[in-house]
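Biologist: I would like to learn how to read a protein model feature by feature. Could you give me the general idea each time, and then the case in hand?

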Amino acid sequence: MQRILSALFVLLLLCTLTAQAQPRVGVCTMLSNAARCRDAGASYIEESVGRFLVPDKSDAEFEAIFTKAALSPLPVYACNGFFPRTMRLTGDNADHKAALAYATVALQRAGRAGVKIIVLGSGAARALPDGYAWQRGEAQFIDFLKQLGPVAKKNGVVIAIEPLYREECNFINMVSEGVAIAKKVNNSNIRVLADFYHMMCMGEGPGVIGKESKYIVHCHVAEKRNRAVPGTCEEDLSPYYNALLAAKYKGCISLECRWTDFDREVEYGVPTVIYGLSKDNKLTSLEIAEGWRLLWDGSTSNGWQGIKKDGFPVSGWSMKYGMLHIAANGGKPSGGDIITMRKYGDFELSVDFKFGRGANSGIKYFITEAHDTRLVSAVGCEYQILDDENHPDAKLGIDGNRTLGSLYDIIPPYASKKRVDRDGFNTARIVVRGDVVEHWLNGKQILSYRRGDGQWDKSVAQSKFRYTIPPFGMARHGYILLQDHGEDVWFKNIKIREF
């Protein structure tokens, strides 16, 4: 069951990634791990030059690998580990002729295999000998890259210079240094990689990503501590992710980590990176200026608690990869409804939601007694969330007043305006200005009502809330509630602004 739930989260994340046109996420690993990476949500494999392109092996040996790769569930988009440590690129023993011959075979095979990026880290091959002047080494390296660039271009491959932590290599340690060299080479097929681990080790902040985005074509990611898989130590890599998003980065990003249990770690590592690159649960500068704030931060229960509970429910609800999920339990609540810690009056609330097959839930507002631990539920106005096609409640009530988007059991939505994504996320908006309330679904207003007028009184009198004391839905302020109806529903991007 846990594996099935993980697969559901990955599927939802991939839907988000596709919709938002985020950078694709891959894994630095052997091609034989492709199926596991695919199941975790990865889009490609980053192999090693020596193992996959085998430039020092015969054509027949490469053909055997190429044939296997054609059957792989994921493509090999990139390769790293370009040059063996014995093949010197700098120093008095540098042999550019041998290195270029080796690289030419690798690039020809990369072009045939569909590899688009080859990472030039190769710290041992490019390291400056003790006492060797930086300027001499830089001149040698630039000269070699000028020879390499045309070969890469001919085969449709871009070479990405990888700056390395000083303890791994004494030459090109910062992204800014890699970019300076790429500029001197002046070839569009010689560019730079940004490795978050090496950047953090060198104290290089994410600002360089925006500044030099034109030259950054590929990225690697790992946590700084132990070069762990993202999500292991829960380090905050958001400044680097956000820098990529702000720069409208169109390249890819690979997990390059120290794996201790690949099958287990890739299952959470890839979704962690995908979520980090998403725009979910984040406010734009315009939204901040307009007064919006997050009602859920995307990862913790801060600001929320369970109804009839002193804290947040310990079961039923989960927070994973930026989604707040209430799990199916055969139609029986397992964690209970959750509510905000404070009340709201005039406001605009926006919530993205996705429902499972046959699911029922709701977003309640104007709840006044939600923190009374004697109560089993709470009475308030409800924006109904329902799988209209597969839940029997859709056919109950009056004229559709229990269907998706309705003011539950009171006012039906305008059916002609409902546009529902049954496989992905939908956006609910509730706008309250005094007694006038609007429900919106996916950018379309689907109902409007005025509390306390004649139509309101008539509709309430026909509903299950007609005997509510005090009169139903007339509170000036109230808590906001997300409902547990014992069926699968996911929430994200929960934000509010007050008028």
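Biologist: What percentage of the residues of the chain count as buried?

Modeller: A residue is called buried when its relative accessible area is under 20%, exposed when it is over 50%, and partly exposed in between, with a 1.4 Å probe and protein chains only. Of the 499 residues in this chain, 55% count as buried. Please keep in mind that this is a predicted model, in which local features need pLDDT of at least 70 and side-chain atom pairs count only at pLDDT 80 or more, while totals for chains, interfaces and linings use all residues. Residues are numbered from 1 along each chain as its sequence is written, and side-chain values use heavy atoms, with hydrogens and water left out.

Biologist: In which order do the eight strands close into a barrel?

Modeller: Strands of a sheet pair through backbone hydrogen bonds, either parallel or antiparallel; here two strands are taken as paired if DSSP finds at least two bridges between them. The barrel runs in the order E1-E2-E3-E4-E5-E6-E7-E8, with parallel pairing. Neighbouring strands of this sheet are turned by 30° against each other on average, direction ignored, where the axes are lines fitted to C-alpha atoms (for helices over the stretch in contact) and angles run from 0 to 180 degrees between N-to-C directions. Helix H12, residues 262-277, packs on this sheet and touches strands E1, E7 and E8, its direction making about 150° with that of E1.

Biologist: Which side chain of opposite charge is nearest to Lys-364?

Modeller: For charges, Lys and Arg count as positive and Asp and Glu as negative, while His and the chain ends are not counted. A salt bridge needs a side-chain nitrogen of Lys or Arg within 4 Å of a carboxyl oxygen of Asp or Glu. Lys-364, found in strand E15 (residues 360-367), is buried yet has no salt bridge, the nearest side chain of opposite charge being Glu-382 at 4.5 Å. The side chain of Lys-364 does, however, reach the backbone oxygen of Ala-378 at 2.7 Å.

Biologist: Where does a positive phi occur in the hairpin of E17 and E18?

Modeller: In that hairpin, which has two residues between the strands, Gly-434 takes a positive phi near 65°. E17 and E18 (residues 436-441) run antiparallel and are joined by six bridges, with Arg-433 opposite Val-436 in E18. Positive values also occur in residues other than glycine, including Glu-234, with phi near 55°, and Lys-248, at about 55°. Glu-234 lies in the loop between E7 and helix H11 (238-246), whereas Lys-248 lies in the loop between H11 and E8.

Biologist: Are Glu-234 and Lys-248 buried or exposed?

Modeller: Glu-234 is exposed because its relative accessible area is 69%, and Lys-248 also counts as exposed, at 65% relative accessibility. Gly-322, in the loop between strands E11 and E12, is buried, with a relative accessible area of 1%. Leaving aside residues up to four places away in sequence, Gly-322 touches Tyr-275, Asn-281, Trp-296, Gly-298, Phe-491 and Lys-492.

Key
Helix = DSSP H or I, 4+ residues; strand = E, 2+ residues; numbered from the N terminus. Contact = heavy atoms within 4.5 Å. Polar contact = N/O pair within 3.5 Å; in protein donor to acceptor, adjacent residues only side chain to side chain.
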